[in-house]
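Here's a quick briefing to read with the structure open beside you.

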Amino acid sequence: MKYRTVVMYTEIGCFVSCLCGWILVCSTLPTEYWTFSEVGSIVLTTSNYYSNLWRDCISDTTGVSDCKDYPSMLALPAFLHACRALAVCAVITGFFGGVLTLIGMKCTKIGGSEVANARVTFAGGITYLTSGFCGIITYSWWANRVITEFLNPNFRAQKFELGAAVFIGWAGSILLLSGGTVLTYFSGKEGLPSGSSNRTHRPATARTRKTYMLPPTSSRVTLRPPLFYEGRKSRPSRVATKTTGTFSREDFV
């Protein structure tokens, strides 16, 4: 199996994982069971209190339930506003992450070149990671607040326990984080340039002070002494011959 085929099936699996996680996160927003509490010792008069980011609800054993929105937005604690903002950001970023991943996946063939698709998929993976982090922070912060109030002996108000929506949100956030991490790894490995490819190498045929061009022919070059020495060797040696004359006695007479 080729590497491209393996990456394509991996992208499909990660997209399905992130899509399921995003659906789970979206399903927790309208759910009222973020916290719940049961009050009463007699079965016929037992009341259940439960709430979420937007409203408080109450129901009894007869099946009658009633919900009421928070009356004032400015009177709410700061952590509730932060949880609302993070939950909405998780939903929005997860949606855009799905759009980017669909455009950049190898099986869809919507984008341009392989490098461009890999970069789009990398952006989708980063968006999925952002959605997962927003979700995990929201549910962990909410759970920490509920557990702290429940275990505090000085807290005199009504105490609540963790609802099913918090655990569903944790599962969805983990799916988003795992799928986004794998998507970011494979797409970033293919789409982002590495540091070694940006280096410029000097061509080997460039002439410098200490390098010289080889002769174009591959014939063997025989080294011969310079012409100066050849001229000295070929120049005939001059022999200084002295003309020795023979003189007779009559010449001096």
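## Salt bridges, pocket and a buried threonine

Aspartate 69 has a relative accessibility of 46%, so it counts as partly exposed. Keep in mind that this is a predicted model.

**Salt bridges**

- There are 2 salt bridges in the structure.
- Arginine 55 comes out at 30% relative accessibility, which makes it partly exposed.
- Glutamate 149 pairs up with arginine 145 in a salt bridge, and here the closest N and O atoms are 3.0 Å apart.
- Both of these residues are in helix α3, and because they are 4 residues apart, about one helical turn separates them.
- Glutamate 149 is partly exposed, at a relative accessible area of 25%.
- Arginine 145 is partly exposed too, with 33% relative accessibility.

**The largest pocket**

- The largest pocket has a volume of about 390 Å³.
- Its lining is made up of 19 residues, and those nearest the centre are Ser51, Tyr70, Phe79, Trp142 and Glu149.
- Glu149 turns up in two places, then: it is among the residues nearest the pocket centre, and it forms the salt bridge with arginine 145.
- Helices α2 (78-104) and α3 (114-151) each put at least two residues into the lining.
- The biggest share comes from α3, which gives 5 residues.
- Sorted by class, the lining has 11 nonpolar, 4 polar and 4 charged residues.

**Threonine 184**

- Threonine 184 sits in helix α4, which covers residues 164-191.
- Is threonine 184 buried or exposed? Its relative accessible area is 13%, so threonine 184 is buried, as the cut-off for buried is under 20%.
- Setting aside neighbours within four places in sequence, threonine 184 is in contact with Phe122, Gly125, Ile126 and Leu129.

Key. Residues numbered from 1 in each chain as written. Predicted model: local features only at pLDDT ≥ 70, side-chain atom pairs only at ≥ 80, totals over all residues. Heavy atoms only, no water. Buried < 20%, exposed > 50% of the residue type's maximum accessible area, 1.4 Å probe, protein only. Contact = heavy atoms within 4.5 Å. 1 Å grid on protein atoms, 1.4 Å probe; cavity = no way out; pocket = protein on both sides within 12 Å on 5 of 7 lines; lining within 4 Å. Points joined across faces, edges and corners; volume = space filled by probe spheres on them. Nonpolar A, V, L, I, M, F, W, Y, C, P; charged D, E, K, R; others polar. Salt bridge = Lys/Arg side-chain N within 4 Å of Asp/Glu carboxyl O.
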